[in-house]
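Subject: A structure for you to look through

Dear colleague,

I am handing over the structure that we talked about, and below it you will find my notes on what was found in it. Please read them with the structure open beside you.

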Amino acid sequence: MSKKPPNAPKGVDPDAVPTEDERVSADALRRALERREQPAPAQDDAALARRLRAAWSPPPIDPEAHHRILAAALAGAGADRAGVPARRSRLVRVAFGASAALALAASVAAVVRTQGEAPAPVAPPAAVAVSRSTQPLFADRFPAYGGQTSRVDRIALARATDLRDNEFSRWGIR
Amino acid sequence: MLLSHVSEPPARDETLEHERWLVERAQAGDREALGALLSRHGPVLYRSVLLPRLGSEAAAQDALSEVYARVIARIDRFVWQGVGFWPWLRTVGLHVALDQLRGRRRLVLWTEQDVTREIDGAAAATPADHAFLEQREQQDARARVEQVLARIHPRYAKAVRHRVLEELPREEAARLLDVTPATFDVVLHRAMRALRKALDDEAPDDV
């Protein structure tokens with residue numbers, strides 16, 4: 001059953017008679033795909049299959065998992081990312097009563113601050129690239145003639161990267 | 001309850017203006033507004049950016065946690081540029097994904113170089129609705145998969161496409177390759193091995 005397309009890599013025969021090792025590995029992959037379980041670390045084939053599927057048709061995040069992640073993040077930097085409630089979050093209960101003679105009418109719980117009394121920490125500004133010599137971009141001496149365009153390209157590329165990095169720093173991405 | 005008072009847009013606009021309003025409130029310290037922003041964009045970021053690049057739900061969820069932590073710490077430095085919150089969040093997400101990819105050398109469809117290029121291109125953002133953004137991200141992700149598949153024998157690529165990507169039953173995939181199911185298993189295993197080799201060969205070219 002040779003179906004060799006014109007652009008097939010040389011020396012590769014997908015339908016060659018399998019070795020015993022190949023049969024065992026093929027069977028392990030079949031089982032892993034049928035079970036749809038998290039592959040064991042040694043199951044590289046199955047792990048790669050999962051990665052391909054994740055890229056091709058990624059499923060949405062489980063809403064509960066997302067809620068846990070978001071709640072943990074909002075609860076504060078010290079919270080466990082896996083979803084343990086923040087230790088430092090403070091729950092303030094506000095009670096409303098009509099009079100001393102009446103029973104407590106209602107209570108409202110609200111998270112008013114997640115990180116104690118201190119304001120939210122502000123990340124220190126990241127260092128930015130500054131104007132400087134282009135000499136470090138060139139290790140070798142310039143030839144007597146030619147190469148100007150490639151040197152200008154190299155400088156432009158390096159400075160464009162600096163500019164991008166500076167913008168990301170300014171926007172707080174780094 | 002957490003997001004109750006920001007769930008309704010303030011009347012006149014429900015898209016960019018509302019988002020700008022949320023951003024301003026978030027920058028003023030309103031965690032609920034920040035929660036509303038992240039609730040809106042976070043699941044999209046997870047599905048269309050983090051999960052395809054990182055390849056596992058656990059890694060993508062971990063990355064999403066890190067993205068949220070960075071956003072919360074740095075929201076005051078976000079500068080509104082008229083294109084919404086998404087481009088900034090996506091760039092933060094790409095940086096987090098890049099950090100995770102730096103620790104890996106195998107079995108990744110996106111290399112550090114790929115993600116770095118995406119970060120470079122992230123500045124050219126325009127306002128767009130979520131459906132369009134997701135669709136575009138998915139197209140890019142699928143193009144990346146096709147790019148990898150193009151590096152192996154077409155028959156291997158066909159086996160992967162039918163069984164792994166389209167998730168056809170084993171028997172159906174075997175029928176499409178005109179082989180028995182047992183033979184198909186072997187072809188698929190060889191296809192995955194060839195794919196791993198192609199990805200491994202790509203790794204030394206990384207940054």
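How much of chain A, with its 174 residues, counts as buried? The share is 28% of the 174 residues, where buried means under 20% relative accessible area, exposed means over 50%, and partly exposed lies in between, with a 1.4 Å probe and protein chains only.

Before going further, please keep in mind that this is a predicted model, in which local features need pLDDT of at least 70 and side-chain atom pairs count only at pLDDT 80 or more, while totals for chains, interfaces and linings use all residues. Residues are numbered from 1 along each chain as its sequence is written, chains are lettered from A and ligands numbered from 1 in the order in which they are written, and side-chain values use heavy atoms, with hydrogens and water left out.

Chain A has four helices and two strands, which are DSSP runs numbered from the N terminus (helices are H or I with at least four residues, strands are E with at least two). Along the sequence these elements follow the pattern α-α-α-β-β-α. If you take the contacts in chain A (heavy atoms within 4.5 Å) between residues at least 6 apart in sequence, 24% of them join residues at least 24 apart.

Helix α1 (residues 20-35) and helix α2 (residues 44-56) of chain A pack at an angle of about 40 degrees with their axes 9 Å apart, the axes being lines fitted to C-alpha atoms, for helices over the stretch in contact, and the angles running from 0 to 180 degrees between N-to-C directions. The two helices are therefore oblique to each other, since angles under 35 degrees count as roughly parallel, over 145 as roughly antiparallel, 65 to 115 as roughly perpendicular and the rest as oblique. In their contact, A:L29, A:A32 and A:L33 of α1(A) meet A:D45, A:A46, A:A49 and A:R53 of α2(A).

Helix α2 of chain A also packs against helix α7 of chain B, at an angle of about 75 degrees and with the axes 10 Å apart, and α2(A) and α7(B) are therefore roughly perpendicular to each other. The residues that make this contact are A:A49, A:L52, A:R53 and A:W56 on one side, and B:V160, B:R163, B:V164 and B:L165 on the other. Helix α7 of chain B (residues 154-165) is mostly covered, with nine of its 12 residues buried, including B:Y156 and B:H162.

After α7(B) comes B:E167, a residue other than glycine whose phi is positive, near 55 degrees. B:E167 sits in the loop between α7 and α8 (170-176) of chain B and is partly exposed, with a relative accessible area of 31%.

Which residues touch the most other members of the largest nonpolar core? In this core of 80 residues they are A:L52, B:L50, B:V67, B:V71, B:F85 and B:L109, a nonpolar core being a set of buried Ala, Val, Leu, Ile, Met, Phe, Trp, Tyr and Cys residues joined through side-chain atoms within 4.5 Å. Helix α2 (residues 31-54) of chain B gives the most to this core, with 12 residues.

Finally, A:A73 lies in helix α3 (residues 63-75) of chain A and counts as buried at 11% relative accessibility. Leaving aside neighbours within four places in sequence, A:A73 is in contact with B:Y68 and B:I72.

With best wishes
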